[in-house]
Structures are given as C-alpha cells and as structure tokens.
Amino acid sequence: MESNPTLPNSYVVVISPQYCTPYQVDLYIAKRVKKITEGRHLGAFDINGNNIFKVKTNGFFSSRLTIVDAAGIPIVSLKPVFFSVLGRWKVYRGDSSDSKDLLFTVRESKFFQLKTNLDVFFASNTAEDVCDFKIKQRDRKKTCFIYRGNSDNIIVEIHKNKAVRDKVRGMDTYSVTVNTNVDYAFVIDMRVVLNEFNTPKNTGGGGVDGGGAAGVDVVVVADDMEFVWMLNSSVMICIYF
C-alpha cells in the first residue's frame, strides 16, 4: 500500500491516489466487448460505457496478464504462482514482475471451498496471518463483496447486471459500486484475479483460455452427475464411482 501521511486511514490507496474519489464510484465490467477486450478477459467501463481498463495477454504460452488504462499504459501485471497448495496470484506495479514492485498477493482462503473466498495480502504483509482484504463470492457467482480485512466493513459490491449490455455491448456484465476514497483501479485488479479463479483452465498456458493459479483440480463423477472443486489448475484428478 502506498505510504502517504496526508491521507487518512479511511483511504484505500494501492495503485494511485488519482483513482480515489470523495464520492461513490459506479463502474461496469464485461467480457467479449468488440474491439476492446481479449477473449475471456475483462474490461472495465465508466457509467457512460467508456473503457477505462482492460486485460492484455502476453502471448498464447504466457500465463502473465497486464491491466492497461484507456491509453494503453500498464497499471499492473499479474502472475500465477505455480505448485502452490492454495491457488495464488501475485500483482506487480506497471509492467514489472520484479519482487521489489510486488503490490499484493491474492490467495484462496481455504483448500476446499464450496464458495469462492479469497484473501488479499499487501507485499509488506509477509506473515499472511491476517488478510488486508477479503473477497467473498456468493449467489452462484452473481454477487461479490470485498471487505476490509476480516471485518464486516464492505468497501465494494459487485452484482451481475444484464442491463449493462446496453452500455458496453458485451457479455457476462456486472455493475461495480466502490465506496468513497477507495482506489477503484485496485478494485478492478482484484476482480480480474477473481475472474482467473472462476474460469476453467487448461494446464498452465495463459493466452486466450489459460492462466489460472497452479495446483490441483479435483473432478468427482458419480453416475450422470459431475461435481467439480476448482482448487487450482495445474493438475486435474478424476475419480469415478
């Protein structure tokens, strides 16, 4: 988190103070927006439908992603951590992947989860005993809340919203409500990582269809029913009864 003694503790500034406002910010996110987004990856838009951020891939065989602003300037880069027990992504400033530019890490809260819960740790929080933020996804991925630490303090609400399609002409559209003085670029970064956890992966390639955190996917097949625990994406184990 950026250190700025002029900002009160109520501020959440991670990427830049320019993305904090003294009023609530409403945004849209969507996939498959023609001439803007790449493949299954997200774009973020203001309430007028103007693109403000989008995810760029780094080649078909690369799992690394970059989030750029409307001018194409890299804001952050994201990399999965392979061979981790818990799915994990690291987020770096700009186009870097150097450890000195690490901003935060996003990690699954538990090994087995029926609902997606992710913990967010700033680079300075090396012990990772208590998360700095928590992401909770509910209602079959239609709703997401972001909390400050392990508190009940909700700073962001994200809801599936088909009406957004009239604004951005895309698929899988959501409305995003960001509290006052919360870095909305940081919010979009976290939502992009959540999208990676939500998306079925291949065994490691990024590009259009790959790029999840590494680990194990477990698929249990019983009769005609299939139950999938998306833990991570390096290995898939199928169990048949």
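**Exercise 1. Examine the salt bridge between R40 and E196, and state which parts of the chain the pair ties together.**

Solution. The model is a predicted one.

Step 1. In the salt bridge that joins the side chains of R40 and E196, N and O are 2.9 Å apart.

Step 2. R40 belongs to the loop between β1 and β2 (42-45), while E196 belongs to helix α2, so the pair ties together parts that are 156 residues apart in sequence.

Step 3. R40 and E196 are both buried.

**Exercise 2. Determine whether D172 and K31, which meet in a salt bridge, are buried or partly exposed.**

Solution. 

Step 1. The distance from N to O in the salt bridge of D172 and K31 is 3.2 Å.

Step 2. Strand β12 (residues 171-178) holds D172 and strand β1 holds K31, so this pair ties together parts that are 141 residues apart in sequence.

Step 3. To count as buried, a residue must have a relative accessible area under 20%. K31 has a relative accessible area of 14%, and is therefore buried. D172 has 23%, and is therefore partly exposed.

**Exercise 3. Locate D119 and K134, and name the network to which they belong.**

Solution. 

Step 1. D119 and K134 form a salt bridge in which the closest N and O atoms are 2.5 Å apart.

Step 2. The two residues come from distant parts of the chain: D119 is in strand β8 (residues 117-122) and K134 in strand β9, 15 residues apart.

Step 3. D119 has a relative accessible area of 7%, so it counts as buried. K134, with a relative accessible area of 14%, is buried.

Step 4. Salt bridges link D119 and K134 with R88, R107 and E128 in a network. The count for the model comes to 10 salt bridges.

**Exercise 4. Describe how strand β10 pairs with β9 and with β11.**

Solution. 

Step 1. β9 and β10 run antiparallel and are joined by 6 bridges. Across this pairing, K136 has F145 in β10 as its bridge partner.

Step 2. A hairpin is formed by β9 and β10, with 4 residues between them, and D139 in the turn has a positive phi of about 55°.

Step 3. β10 is also joined to strand β11 (residues 154-160), by 5 bridges, and these two run antiparallel. Here Y147 stands opposite I154 in β11.

Step 4. β10 and β11 likewise form a hairpin, with 5 residues between them; G149 in its turn has a positive phi of about 60°.

Step 5. Strand β10 (residues 143-148) is mostly covered, as 5 of its 6 residues are buried.

Step 6. K136 also lies over the face of Y147, 5.0 Å from the ring centre.

**Exercise 5. Classify the aromatic pairs Y19–Y184 and F133–F186, and state where their residues lie.**

Solution. 

Step 1. The model has 9 aromatic pairs by count. In one of them, Y19 and Y184 are 5.4 Å apart from centre to centre, with 75° between the planes. An angle over 60 degrees counts as edge-to-face, and this pair is edge-to-face.

Step 2. This pair links distant parts of the chain, 165 residues apart: Y19 is in the segment before β1 (25-31) and Y184 in helix α2 (residues 184-198).

Step 3. F133 and F186 are also edge-to-face, at 5.2 Å centre to centre and 65° between the planes. Strand β9 (residues 133-138) contains F133 and helix α2 contains F186, so the pair ties together parts that are 53 residues apart in sequence.

Step 4. F133 and F186 are buried.

**Exercise 6. Identify the residues with the most contacts inside the largest nonpolar core, and the element with the largest share of it.**

Solution. 

Step 1. The largest nonpolar core has 46 residues, and the most contacts inside it belong to I15, F53, L78, F104 and F186.

Step 2. Helix α2 contributes the largest share, 10 residues.

Step 3. Another core, of 6 residues, lies apart from it and includes Y28, F45, V164 and V168.

Step 4. Among the residues that F53 touches are Y19, I67, V68, Y184 and I188.

Note on methods:
Residues numbered from 1 in each chain as written. Predicted model: local features only at pLDDT ≥ 70, side-chain atom pairs only at ≥ 80, totals over all residues. Heavy atoms only, no water. Phe/Tyr/Trp six-rings, centres within 6.5 Å; stacked < 30°, edge-to-face > 60°. Buried < 20%, exposed > 50% of the residue type's maximum accessible area, 1.4 Å probe, protein only. Lys NZ or Arg CZ within 6 Å of the ring centre and 35° of its normal. Core = buried A, V, L, I, M, F, W, Y, C linked by side-chain atoms within 4.5 Å. Contact = heavy atoms within 4.5 Å. Pairing = 2+ DSSP bridges. Salt bridge = Lys/Arg side-chain N within 4 Å of Asp/Glu carboxyl O. Lists of a residue's contacts leave out its neighbours within four places in sequence.
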